[in-house]
Amino acid sequence: MHKLAEGFSVSATVLFVGSIMVAGVLLHPDVAQAKTGEEIFQSGCNACHTIGGGRLVGPDLLGVSERRTEEWLVKFVQHSQAMVEAGDPVAVGLFEEHNKVTMPDQALTKAEVLAVMEYAKTPHVIGAAQPDEPVALTEEDIVLGQDLFEGSVRLSNGGPACNSCHDVTNDAVIGGGILAKELTSVFSRLGGPGVRAILGSPPFPVMQEAYKDEPLTELEVKALVGFLEQADSEQSLHQPRDYGIGLFTSGVVGSGILLAFYSLLWRRRKRSSVNQSIYDRQVKST
Ligand code: HEC
Ligand code: HEC
C-alpha cells in the first residue's frame, strides 16, 4: 500500500514535469529553432555595427560584454530609446556620441541578445562594413541618384521611390513623404559607410519590407549615396520646401489684385439695381 502510493506520486511528478516541458516548447517555438548569434548579427545588426571592423552607424561591438553588464545589454538592445529617455547615463552618452541616431528596438529574447554578445567576443570582419574610401562618382551618378530618389527614374528591381516615405531639402526634388525621417543631413549624421550599409540591407522594418523582394542594385546604392552626400553639402544653398505662411500670403495678395483688376475692368457696370432707379424716380415725383 505504501509502495503503491510512492510509485503513484513519482509517476505523477514525472508526468507533471514532462507536460511543463512540452508546454514550454509549444509556448516558445523559437526555443526549438533559436537562431545563432551569427545569424542574428548578420540579419539584423551588421547594417549598423561591425565586430572588430570599427565604428559604422553604431559602435564596434567587439567585446562589448566586457564594457557593460548582461542586464544592461539586454535592456538596451530591446529598448534603447526607452533607456535614453529614462536618462540612463551610458545610453544617453552613446546616443549623443552617435549623432542622436536611434537604434531601432530589436525583437529579440534575452537568450538571443546574449548569443549575439557571445558572438561579438571575437572579431568577425565579414559584416556589411566597408572601408570609408572615397567612391569615385560622376555628375551623372548624382543626377541618377536624384532621379531615383524622386522616382522620375524607376528602380531597376521595381522598389518604391525613396520620396514616397522620405523628404530631402533640395530645390531640384519634388517634396517627398513624411512617413520617415527627412534625409537632408543624413550623410553627416551616419557617414558614407553608414548610409551605404543601410541602403545595402535596410535595418528598419518598414524599409526592409519595401525592398525585400526588390533590392537596390549596387549602382543604385552608389548613386543614391552620392545624391544624399551632395544634398547634404549643398543644403545651405537650397530652400526648405515649407511654403508655410508665404504661400498663404501670396494667395491673399493675389486674390486682392484679381478683385481690383475686375472692378477696373467693369468700372462702368450698373452699381444699383434697375428697380432702385425706378423707385427713386417714383418717390421723387410724388
Ligand atoms: C539602424 C542602425 C542600428 C541597428 C540595425 C542596430 N544598432 Fe545597435 N546601435 C546603433 C547605434 C546608433 C548605437 C549607439 C547608441 C545610440 O545611438 O542610441 C547602438 C548601440 C548598440 C549597443 C551599445 C554598444 C555599447 O558600446 O555599449 C549594443 C550592445 C548594440 N547596439 C547592439 C545591437 C544589436 C545586437 C543589433 C542587432 C540585433 C543592433 N545593435 C542593431 C545602431 C544600430
Ligand atoms: C516604405 C517607406 C520607405 C521607403 C520607400 C524608403 N525608406 Fe528609408 N526609412 C524608412 C523608415 C521607416 C526608416 C526608419 C527611420 C525613420 O523612422 O525615419 C528609414 C530610414 C532610412 C535611413 C536612415 C535614416 C536615419 O537618419 O537614421 C536612410 C539613410 C534611408 N532610410 C534612406 C532611404 C533611401 C535612399 C530610400 C530609397 C531607395 C528609402 N530610404 C526608401 C522608410 C522608407
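What is the geometry of the site of the iron atom of ligand 2, and how many donor atoms does the site have? The site is octahedral. The model is predicted.

## The chain as a whole

The protein chain holds 14 helices and zero strands. Read along the sequence, the pattern is α-α-α-α-α-α-α-α-α-α-α-α-α-α.

The chain has 286 residues, and 30% of them are buried. Take the contacts with a separation of 6 or more: residues 24 or more positions apart account for 63% of these.

## The iron of ligand 2

Two residues of the protein coordinate the iron atom of ligand 2: H166, through NE2, and M207, through SD. The distances run from 2.0 to 2.2 Å. H166 sits in the loop between α9 (139-150) and α10, while M207 sits in helix α11, so the pair ties together parts that are 41 residues apart in sequence.

Are these two residues buried or exposed? Buried means under 20% relative accessible area. H166 has a value of 12%, so H166 is buried. M207 comes to 18%, so M207 counts as buried too.

## The shell around ligand 2

There are 22 residues around ligand 2. C162, C165, H166, R189 and M207 come nearest. By class, the shell divides into 18 nonpolar, two polar and two charged residues.

Polar atoms also meet the ligand. A polar side-chain atom of H166 lies 2.8 Å from a nitrogen atom of ligand 2. An N or O atom in the side chain of R189 is 2.5 Å from an oxygen atom of the ligand. At K181 a polar backbone atom takes part, 2.6 Å from an oxygen atom of ligand 2. Two elements give two or more residues to this shell: α10 (186-200) and α11 (205-211). The largest share, five residues, comes from α10.

T184 is placed in the loop between α9 and α10. H166 lies in the loop between α9 and α10 as well. The relative accessibility of T184 is 3%, so T184 counts as buried.

The side chain of T184 joins that of E182 in a polar contact of 2.6 Å. Leaving aside neighbours within four places in sequence, T184 is in contact with D167, V168, T169, L228, A231, D232 and Q235.

## The iron of ligand 1

Which residues coordinate the iron atom of ligand 1? They are H49, through NE2, and M103, through SD, at 1.9 to 2.1 Å. The six donor atoms around this iron subtend angles of 87 to 179°, so the arrangement is octahedral. H49 lies in the loop between α3 and α4, and M103 in the loop between α7 and α8, so the pair ties together parts that are 54 residues apart in sequence.

H49 has a relative accessible area of 11% and is therefore buried.

## The shell around ligand 1

Ligand 1 has 27 residues around it. C45, C48, H49, R68 and M103 come nearest. The classes are 20 nonpolar, five polar and two charged residues.

An N or O atom in the side chain of H49 is 2.7 Å from a nitrogen atom of ligand 1. R67 brings a polar side-chain atom to 2.9 Å from an oxygen atom of the ligand. V101 uses its backbone: an N or O atom there lies 2.7 Å from an oxygen atom of ligand 1. Helix α5 gives the most, with four residues.

Q81 belongs to helix α6, residues 80-86. The relative accessibility of Q81 is 18%, so Q81 counts as buried.

Residues up to four places away in sequence are not counted here. Beyond them, Q81 touches F95, T102 and D105.

Methods
Residues are numbered from 1 along each chain as its sequence is written. Chains are lettered from A and ligands numbered from 1 in the order in which they are written. This is a predicted model: local features need pLDDT of at least 70, side-chain atom pairs count only at pLDDT 80 or more; totals for chains, interfaces and linings use all residues. Side-chain values use heavy atoms; hydrogens and water are left out. A residue is near a molecule or strand if one of its heavy atoms lies within 4 Å of it. A polar contact is a pair of N or O atoms within 3.5 Å; within protein, one must be able to donate a hydrogen and the other to accept it, and residues adjacent in sequence count only if both atoms are side-chain atoms. Ala, Val, Leu, Ile, Met, Phe, Trp, Tyr, Cys and Pro count as nonpolar, Asp, Glu, Lys and Arg as charged, and the others, Gly among them, as polar. Donors are N, O and S atoms within 2.8 Å of the metal (3.2 Å for Na, K and Ca); water is not among the atoms, so sites may look incomplete. Four donors count as tetrahedral if all angles lie between 85 and 135 degrees; four count as square planar and six as octahedral if opposite donors are over 155 degrees apart and all others between 65 and 115; anything else is irregular. Buried means under 20% relative accessible area, exposed over 50%, partly exposed in between (1.4 Å probe, protein chains only). Contact means heavy atoms within 4.5 Å.
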